[in-house]
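Please look over the sequence and structure first.

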Amino acid sequence: MRRLIAADMARLWRWRPFRLGGAFMAVYGLCNLLLHFALEDRQDVGPEVAAMDFVITMVYVQALIAVSFLNGDHSSGGIKNKLVIGRTRGEVYMSHLLVQYLGGLILAALYLLPALLLGPLLLGGPGAGLLARLGCYLAVLLSFTAIYTLVGLLLPRRWVTTAGVAGAFLLMSCCARMDAGLAIPRTAPAYVKEPLRGVYCLFLDVSPMGEALQLIGTSFRQSELWVLAVSGLGVAMIAVILGMIGFLRMDID
């Protein structure tokens, strides 16, 4: 199993789109930090906001990289070859899940590096809540990874990558609309009442998109971090179980 993970990780590391994604996240982290510094006099910004801004961008970057990579392993015959040499389907699935999770951590670290190194110099020291938010993100990232692994391995089609990114964008837009609806004052005609208000809150707490939106710290809905972490782990567990069942029953040509 360790050799399989090491081989998949080495292939991901050599894969050009992954390196381009890493370069993008590093440049984005630096530019975003400088932008927050330039707007400091006009906005209430701080190192926590600058550090967590990457969460939404990572949703799309990881969707593009993970689904494309997994589809590529299908189309190149890599998955079939692993099964031929004696690897079980469970080992293949879990290897890809772990490798994509590690890849996501690397991409996040490349963004955070300039934010954590230069952020204290430009925006002041980070608040005590930053470490807790980053810890919670580990669970949320796992939920995204589990979903992308399920989609990438069970739907080996070229159009799935585009559909995955588009789906992530639509769900994120939906969560943003829900959060904006919750922010409407009670005195306004468009105020969201119960039971719809409860449905909005539940969806934002349970869905990975809603959790990512809350982790930035600028959304109206702000649940306890442990709620988001538990929800993220729960979604990840469900996605892994469903993905494993589907992969075990899947015909691989």
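How many aromatic pairs does a search of the whole structure find? The search finds nine aromatic pairs. Rings of Phe, Tyr and Trp (its six-membered ring) pair if their centres lie within 6.5 Å; planes under 30 degrees apart count as stacked, over 60 as edge-to-face and the rest as tilted.

This is a predicted model: local features need pLDDT of at least 70, side-chain atom pairs count only at pLDDT 80 or more, and totals for chains, interfaces and linings use all residues. Residues are numbered from 1 along each chain as its sequence is written, and side-chain values use heavy atoms, without hydrogens and water.

Two of the pairs are set out here.

| Pair | Centre to centre | Between planes | Class |
|---|---|---|---|
| Tyr-28 and Tyr-111 | 5.3 Å | 40° | tilted |
| Phe-54 and Tyr-137 | 5.0 Å | 80° | edge-to-face |

Tyr-28 lies in helix α2 (residues 16–38) and Tyr-111 in helix α6 (residues 89–123), so their pair ties together parts 83 residues apart in sequence. Helices are DSSP runs (H or I, at least four residues), numbered from the N terminus. Phe-54 sits in helix α4 (residues 54–75) and Tyr-137 in helix α7 (residues 129–154), 83 residues apart.

Buried means under 20% relative accessible area, exposed over 50%, partly exposed in between (1.4 Å probe, protein chains only). Tyr-28 is partly exposed at 22%. Tyr-111 is buried at 0%. Phe-54 is buried at 0%, and Tyr-137 is buried at 5%. Ring pairs link Phe-24, Tyr-28, Phe-54, Tyr-111 and Tyr-137 into a cluster.

Helix α11 spans residues 225–249. Its buried residues include Leu-228, Val-235 and Phe-247. Ile-245 is also in α11, and is partly exposed at 39%.

Definitions and conventions. Helices (H or I, at least four residues) and strands (E, at least two) are DSSP runs, numbered from the N terminus. The expected span of a helix is 1.5 Å times one less than its number of residues.
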